[in-house]
Amino acid sequence: MLGVRGFRSARLLGSVPVRTQQKKGPFRNAELWNELQPRDDDIIIATPYKTGTTWMQQITNQLLCGGNPEVWPIHPELGPHSTGLWVEFPVGPPNKSELLNNMTTRRVLKTHLSTTGVPYNPSWRYLFVLRDPRDVCASMFNHAISMQKDFLESLGEKTYTQADFDTWFKDVFMMPDNQRTDWCYFQWVSEVWPWRHLSNFKFINYNNLLNNTRQEIADLAKFCNIPVTEGVLDAVTENSSFSFMKKNEKYFEPPEQLMTRGRFINKGKIGNHKNLLSEEHKEAILNRSKEVCGDEATEWLITGK
């Protein structure tokens with residue numbers, strides 16, 4: 001099915017998503033999902049870039065460990081980000097799939113693939129975290145200029161500085177129609193939005209999660225069939241706060257050869273785009289979102305309603 005202006009949307013070939021991509025690239029090898037032995041209780045954190053992925057990893061990690069502040073989303077053999085491991089990320093131990101398949105704890109698997117790339121399993125619980133595209137833009141740019149130049153150049157990726165925002169905005173975030181890929185936020189949203197009615201899909205609005213964290217976490221626990229007490233909810237809420245995660249950033253940030261230390265966990269505020277985007281930038285983003293994702297999706301991304 002083609003969206004506005006021939007833009008690829010989710011494949012509506014039946015009552016559930018159909019996987020139509022198994023792309024490879026510097027940051028993804030979707031074929032790695034084929035090596036995963038599915039479990040009925042798997043939790044999939046499915047997000048575009050910079051919409052609260054690591055935050056959701058910490059929340060689910062804390063729910064599963066009962067709010068223990070000394071338990072991190074780390075598997076001793078897989079390293080950082082492993083409980084919510086980025087499955088299709090081609091970097092990691094050569095036996096990553098074997099380690100994942102041998103894990104004895106409940107798995108929380110991270111993906112930046114949309115419904116056209118990640119497998120669908122009716123027993124899995126999928127958590128889609130989405131955010132105001134203007135804030136996504138600001139967060140993505142901050143991430144881009146914090147990546148290590150040598151690492152990006154080794155992958156053949158272009159590097160940017162603070163002064164390059166207008167170029168980055170045009171070439172990356174507002175990617176031309178004929179160059180859109182899985183990196184495009186608008187495309188990603190347009191592919192998952194048609195499936196929001198599925199009972200094992202939970203769409204989580206970043207603003208709602210920030211404004212009503214404890215209740216959103218309680219709803220999330222219920223959705224994932226994780227029993228919690230009021231005390232555990234209090235602990236999870238505290239241990240997944242941005243202040244807690246910033247203080248313990250070393251447990252979440254990528255290796256130093258990938259990214260400058262201390263630049264991974266930010267304030268997580270709503271409206272963080274205001275000091276970066278001009279009125280023209282903001283208007284262009286909202287127009288593109290309405291064009292590609294639709295008015296209803298755009299309204300929900302901004303307001304959570």
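**Helix α3 against helix α11**

I looked up how helix α3 (residues 133–144) meets helix α11 (residues 279–293): the axes come within 9 Å and cross at roughly 120°. α3 is therefore oblique to α11. I noted that angles under 35 degrees count as roughly parallel, over 145 as roughly antiparallel, 65 to 115 as roughly perpendicular and the rest as oblique. The axes are lines fitted to C-alpha atoms, for helices over the stretch in contact, with angles running from 0 to 180 degrees between N-to-C directions. Helices (H or I, at least four residues) and strands (E, at least two) are DSSP runs numbered from the N terminus.

I then listed the contact, meaning heavy atoms within 4.5 Å. On α3 it is made by Pro-133, Arg-134 and Cys-137, and on α11 by Lys-282, Ile-285, Leu-286 and Ser-289. I sorted these residues into 4 nonpolar, 1 polar and 2 charged. For this sorting, Ala, Val, Leu, Ile, Met, Phe, Trp, Tyr, Cys and Pro count as nonpolar, Asp, Glu, Lys and Arg as charged, and the others, Gly among them, as polar.

**Basis of the entries**

The model is predicted: local features need pLDDT of at least 70, side-chain atom pairs count only at pLDDT 80 or more, and totals for chains, interfaces and linings use all residues. Residues are numbered from 1 along each chain as its sequence is written, and side-chain values use heavy atoms, with hydrogens and water left out.

**Helix α5 against helix α11**

I next examined helix α5 (residues 165–173), which packs on α11 at an angle of about 5° with the axes 12 Å apart. α5 and α11 are therefore roughly parallel to each other. I found Phe-165, Asp-166, Phe-169 and Phe-173 of α5 in the contact, with His-281, Ala-284 and Ile-285 of α11. By class, this contact of α5 with α11 has 5 nonpolar, 1 polar and 1 charged residues.

**Nonpolar cores**

I searched for nonpolar cores, that is, sets of buried Ala, Val, Leu, Ile, Met, Phe, Trp, Tyr and Cys residues joined through side-chain atoms within 4.5 Å. Buried means under 20% relative accessible area, exposed over 50%, and partly exposed in between (1.4 Å probe, protein chains only). The largest core has 46 residues, and those with the most contacts inside it are Trp-33, Leu-130, Trp-168, Phe-173 and Phe-186. Among the elements that each supply at least two residues of this core are α3, α5, α11 and α12 (295–303). A second, separate core of 26 residues includes Ile-59, Trp-72, Val-129 and Phe-223.

**Positive phi**

Most residues other than glycine have a negative phi. I recorded Lys-50, not a glycine, with a positive phi of about 65°. Lys-50 lies in the loop between β3 and α1 (53–64) and, at 17% relative accessibility, counts as buried. Asn-225 also has a positive phi, near 60°. Its place is in the loop between α8 (213–223) and α9 (230–239), and Asn-225 is exposed, with a relative accessible area of 56%.

**Gly-304**

I located Gly-304 in the segment after α12; it is buried, with a relative accessible area of 14%. Gly-304 and Tyr-206 are 98 residues apart in sequence and 7.9 Å apart in space, C-alpha to C-alpha. Not counting residues up to four places away in sequence, Gly-304 touches Asn-205, Asn-208 and Glu-299.

**Whole chain**
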